[in-house]
Every structure is written in structure tokens, then in C-alpha cells.
Amino acid sequence: RTSTDVLGLIHVDIVGPFPDIAVDGGRYYLTFVDDFSRFLLVTPIASRSLAVKRLIFHFKHFSNSLVKKVIIIRFDNEFSTNALIDYCDDAGIKHEMSVPYESHQNGYVERWQRTITTKARSLLARGNVPDELWKEAVKCAAYLLNLIPRKYQNAVGTPYEIFTGRKASIAHLKTIVSADFAMVLIHLRQSELADTSLFSCSASH
């Protein structure tokens with residue numbers, strides 16, 4: 001089944017735990033994929049117990065910011081909690097769950113997760129930065145994927161544009177890790193011949 005409008009069908013899944021704990025303590029990340037626009041959202045979390053709370057937060061945020069209603073959400077059986085089911089029932093959202101131990105039934109979002117993780121791994125390797133920055137890398141990977149133009153059904157453009165209705169800009173994009181030189185203040189220099197700046201790297205997108 002496919003959707004014909006934004007928020008018509010949202011695919012959801014979770015990745016982790018990662019062997020390297022993120023700087024802020026994250027071990028997992030949630031993935032949201034809008035079926036119509038292919039818009040991706042990743043949300044790092046510290047534990048699986050926080051997943052449903054974050055799901056509900058984002059569903060409310062999507063509905064309020066786009067002034068549209070989420071129609072269907074599709075997720076693995078592990079998300080089947082009373083809190084999420086009650087929220088869906090109250091909000092009039094249809095929920096579709098995969099059969100236990102049959103995660104391939106939610107394979108669409110899992111394929112996107114592999115794409116995100118692969119790109120994040122490449123960003124970390126290219127930047128030669130520690131794996132503890134995987135959270136920044138997966139968010140950057142999803143961000144970039146949302147800016148790649150594509151055509152799906154009758155929608156043409158970037159996932160960001162189709163999902164939000166706003167024009168996307170890439171003018172601000174930079175290399176994931178760039179070389180910088182930080183000035184050493186005069187009173188901290190050891191001598192007249194001491195370096196006036198120190199080499200450093202910064203991670204950004």
C-alpha cells in the first residue's frame with residue numbers, strides 16, 4: 001500500500017544499540033519515513049523505553065506544523081504498547097503492526113535505515129572522526145538525503161520540499177569535517193616565534 005499525500009502513511013522503526021555511546025548518551029535512533037514524500041527524520045534516543053514517547057511527540061509535531069493529520073503508521077510489534085495504541089485510537093490514526101519475529105514486513109523503513117547507516121559510516125570514515133559522533137553522522141545523512149531531488153508518483157522535487165511545502169537551500173552545506181585554525185591569544189603565546197594559531201577540525205553540514 002502507498003499513500004497519496006503527506007502523512008498518509010508513516011513508516012517507523014528503531015536501530016541499535018550502537019556499540020559506541022554517543023556524546024550525549026544515545027544508543028539508538030528512531031527512523032520516520034513519510035511514504036509519499038520519502039522525507040526522513042532520525043531521532044537519537046538513549047533507550048528503547050523512550051521510543052514511544054518520542055513517536056507520539058513527533059506525530060503531534062507533524063500534525064501541528066503541516067496542519068495535516070497522520071492517517072496510518074506502520075511499525076514493528078515492539079512498538080505495540082498501550083500508550084501508543086491509546087494515542088492512535090484517540091487521534092483517529094490507523095496502526096499497522098508487523099507479525100512478531102517477521103521484521104521484513106516493515107522492510108521499507110529498514111532499507112532506508114541501512115542507507116542512512118551506510119552513509120553515516122562513510123561520513124565518519126571520510127572525516128576521520130571518532131565513532132562516538134555517530135549521532136551527528138546519522139542526522140547529517142538523513143538531512144542530505146532529504147535534499148536529493150527525486151520523482152515518486154506525481155510528486156517531483158526534494159523530499160524536504162514535498163513534505164514541508166518550502167523551497168530547500170543547499171547554500172549552507174559544508175564538508176562534514178573541515179580544517180580550521182584557531183588564533184592563540186597574544187598573552188598565551190610562549191615567545192615571539194611561537195605559533196599564532198592552532199590547527200583543529202570541526203564537524204558540520
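I take a residue as buried when its relative accessible area is under 20%, as exposed when over 50%, and as partly exposed in between, with a 1.4 Å probe and protein chains only. I am working on a predicted model, in which local features need pLDDT of at least 70 and side-chain atom pairs count only at pLDDT 80 or more, while totals for chains, interfaces and linings use all residues. Residues are numbered from 1 along each chain as its sequence is written, and side-chain values use heavy atoms, without hydrogens and water.

**Entry 1: strand β2**

I took helices (H or I, at least four residues) and strands (E, at least two) as DSSP runs, numbered from the N terminus.

**Entry 2**

I count two strands as paired if DSSP finds at least two bridges between them. I found an open sheet of 5 strands, ordered β3-β2-β1-β4-β5, with mixed pairing. β3 (40–45) and β5 (94–97) each have a single partner strand and stand at the edges, so one side of each has no neighbour in the sheet. From one strand to the next the twist averages 20°.

I then followed the pairing of β2 (residues 28–34). It runs antiparallel to β3, joined by 6 bridges. Thr-31 has Val-42 of β3 as its bridge partner, Leu-30 has Thr-43, and Phe-32 stands opposite Leu-41. The β2 and β3 hairpin has 5 residues between the strands, and Arg-38 there takes a positive phi near 70°. β1 and β2 also run antiparallel, with 6 bridges, and Ile-10 has Asp-34 of β2 as its bridge partner.

I fitted axes as lines to C-alpha atoms, for helices over the stretch in contact, with angles from 0 to 180 degrees between N-to-C directions. Contact means heavy atoms within 4.5 Å. Helix α3 (residues 107–127) lies across β1 (10–15), β2 and β3, at about 120° to β2. The axes of α3 and α4 (residues 134–145) come within 8 Å and cross at roughly 115°. Residues in this contact include Trp-112, Ile-116 and Leu-123 of α3 and Trp-134, Val-138 and Leu-145 of α4.

**Entry 2: nonpolar cores**

I define a nonpolar core as a set of buried Ala, Val, Leu, Ile, Met, Phe, Trp, Tyr and Cys residues joined through side-chain atoms within 4.5 Å. The largest has 28 residues, and Phe-59, Ile-73, Phe-79 and Leu-84 have the most contacts inside it. Two or more residues come from each of β1, β2, α1 (51–66), β4 (72–75), α2 (82–91) and α5 (159–164). The most come from α1, with 7 residues. Neighbours within four places in sequence aside, Leu-84 is in contact with Val-52, Leu-55, Ile-56, Phe-59, Ile-73, Phe-75 and Phe-79. Another core, of 21 residues, lies apart from it, and Val-15, Val-109, Ala-142 and Leu-145 are among its members.
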